[in-house]
Amino acid sequence: MRALKFLLRKEFIQIFRNKLILRMIFVVPVVQLIILPLAVNYEIRNINLSVVDLDHSEYSRKLLNKIISTGYFRLTDYSSSYRDALKVVEEDRADLILTIPRGFESDLIRENKTKIMIAANAISGQTAGLAASYSNAIIMDFNKEIRNEWVQTSRVNSQPQIEITSSNWFNPAMNYKFYFVPGILALLVTIVGFLLASLNIVKEKEAGTIEQMNVTPIKKYQFILGKLIPFWILGLVILSIGFIVSYIVYGIVPAGSYLLIYLFAAIYLIALLGFGLFTSTFAETQQQAMFISYFCMMIFILLGGLFAPIENMPDWAQALTYINPVSYFIEVMRMIVLKGSGFIDLLKHFGIIVLFAITFNALAIWNYRKTT
Amino acid sequence: MKQLLSFIKKEFNHILRDKRTMLVLFGMPVVQLIIFGFAITTEVRNARIAILDNSKDEITQKLIMRIESTEYFEIERTIKTDTQIEDAFKSGRIKLALVFQPNFQNELSHNNSAQIQIIADATDPNQATTLTNYVRSVVMDYQSELIKPDNLPLTIETELRMLYNPQLKGAYMSVPGVMGLILLLISAMMTSISVVREKEFGTMEILLVSPMKPWLVIISKAIPYFLLSIINVITILFLSVLLLDMPIHGSLFLLSAITILYILCALSLGLLISTVTSSQLAAMLISLVGLMLPVVMLSGYAFPIANMPDLLQWLSNLSPAKWFIIIIKNVMIKGVGIEGVWKETLVITVMTLIFLLISIKRFKIRLQ
């Protein structure tokens, strides 16, 4: 026990001596937590619109006004032909082309039918899809208005109507930040904790001080514990700072209990750090350790469900997420913070993460050899 | 010249000796492309939903069949009451619940109106909106079949055309993103670490007192990573054309020239990082925490830049990856020539020069 105490003191001295690392550990996560969620927004506004109006009629002007007034679109170009408009899209000055054909108004009134062409820059399929469906909805709406002007409404209303009401639970304002901040916080705790842990033992190897450690009567588990506890505390401190920041900046207060979050985070960190130390016992140099951990981290994060929902992934990728501790942490954070899920709801997650913690640490202790 | 070559050889030996790092170095782009190309998608698939059918009549059964037959949804059948819905949401078993009012068919045929309530788990607003829209469109389709075929007067039809990417493939966004990210990280991180490593070991001193000019020492550090990056670019391009069906519409020469410029930019950023840090750990933390997340989030590849607040839009200009990704998209997908991307190219060139200038200024040939 006394040996462990001294080990811990040594580790803390080493951490606090390095001002730059302290800054990176505390300042960078805070800054990222403040800035990055601002960037996350799938809602599309300000779609740059290029209009080719070949009709110049009252209706075409009305339609344009209607489209612009919704606020989704920004008229950036007015071309005289579709070909010119394509050029504008190529130069990235517009993302959507709306072509109103010659005779738009007269065809509509005389022949009951007319056609508008929408062309979207589909390099980003998601943005293009949304932009197209927005503009489509506006045109449909416009169509309805025109129809009401000309035809009595009674005929349309006598048809059976299924009314659909929809409600959005847990995040009625549909605020993306509520969804992303807990996820990003989970990610930051993970990155910093894992990186520091995976580099730590290697650093002693590289500096040669590991030999000195090996000749002391310190037990293997004591050595691993001495490495684990400081980063475990740091991880929880970062988590706390993160919660303070997200409360001050975004007003996020978990719907569930803090106690449950910290309980899960505590176990999760043990698992994560265990895995970090395990990779660390493998590597010979810091560069190597960093690359291996960067590689693992990248796969963990990409398959962790932060950017795209896990349910959408193909089966093989979903199977990988079952053995990914990060995906459990992100999910649990979101469930507790947004939905207020309780311990019973998270029983499965707790069980699995405990299993991870035991396995990884056992591996780390087993793989750390006092003799080389 | 001979000296320089032997220095470069030394660096290569350092790199090639380390098999694990090599594996990661070349494996990373492959794994990332596969994950981005096949695993990460916002397309909904097999979302679990609950249906509370309070009416159990012909129409609701038909609607349920319709919903089930799409590949978007999988129906969770164990949920039978209102109270179970909330529990199912909280434990994450379902993403959406659909509630039919009692006497659905009766109401619809006699009062011309019946109600369906959709409850979505909006923790992920994006997914919630998409799912709600899918359910809506299934119901709407069904409804329009109920209405007797009757040509509505004065119809405006819309014809939709998807430019450049008619099949809406995700690779068109992810390949340029992965290229921007990997090249920046590998070149910047690896060079900064390998320079700082010598400082940490004290071998930098030995290199500096050698007859080599200090800047040649640094150049010899950068060249191996430059070559490795080029190999990576070739792998990425091959994989994206063969595996992900990415087109290369523009000139391959232009693409290569700009990619080389971008690698140089990343290398000089790496040198800059190495001049401001003195430990490998610090260099890594800066390149990882300081570069990775901002590059992913602010380069316009995960989230559209136009939607960001002004401050972030301005900040995103500082990321070389943003400019590189724009160029790659324009050249590879749109087939634009140099006349269409010279501005972005100029920005990257200027950034490279600035990084180099600061690193030369800050590079100390003496140790304290």
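Which residues of the largest nonpolar core touch the most other members? Select Leu196(A) and Leu239(A): among the 166 residues of that core, these two hold the record. Next, highlight helix H8 of chain A, residues 176-207, which gives the most to this core, with 18 residues. Keep in mind as you click around that this is a predicted model.

Now centre on Leu239(A) and show what surrounds it. Skipping neighbours within four places in sequence, Leu239(A) is in contact with Leu185(A) and Val189(A), with Ile261(A), Tyr262(A) and Ala265(A), and with Phe329(A) and Met333(A). For a second, separate core, pick Leu64(A), Leu108(A), Ile116(A) and Tyr134(A), which are included in its 29 residues.

Over to chain B. Find helix H9, residues 214-242, and pick out Ser229(B) within it. Is Ser229(B) buried or exposed? Buried, because its relative accessible area is 1%, and the cut-off for buried is under 20%.

Last stop: the second largest pocket, with a volume of about 1000 Å³. To get to its centre, select Ile310(A), Glu311(A), Glu331(A), Gly92(B) and Lys95(B), which lie nearest to it of the 36 lining residues. Colouring the lining by residue type gives 11 nonpolar, 11 polar and 14 charged.

Methods
Residues numbered from 1 in each chain as written. Chains lettered and ligands numbered in written order. Predicted model: local features only at pLDDT ≥ 70, side-chain atom pairs only at ≥ 80, totals over all residues. Heavy atoms only, no water. Core = buried A, V, L, I, M, F, W, Y, C linked by side-chain atoms within 4.5 Å. Buried < 20%, exposed > 50% of the residue type's maximum accessible area, 1.4 Å probe, protein only. Helix = DSSP H or I, 4+ residues; strand = E, 2+ residues; numbered from the N terminus. Contact = heavy atoms within 4.5 Å. 1 Å grid on protein atoms, 1.4 Å probe; cavity = no way out; pocket = protein on both sides within 12 Å on 5 of 7 lines; lining within 4 Å. Points joined across faces, edges and corners; volume = space filled by probe spheres on them. Nonpolar A, V, L, I, M, F, W, Y, C, P; charged D, E, K, R; others polar.
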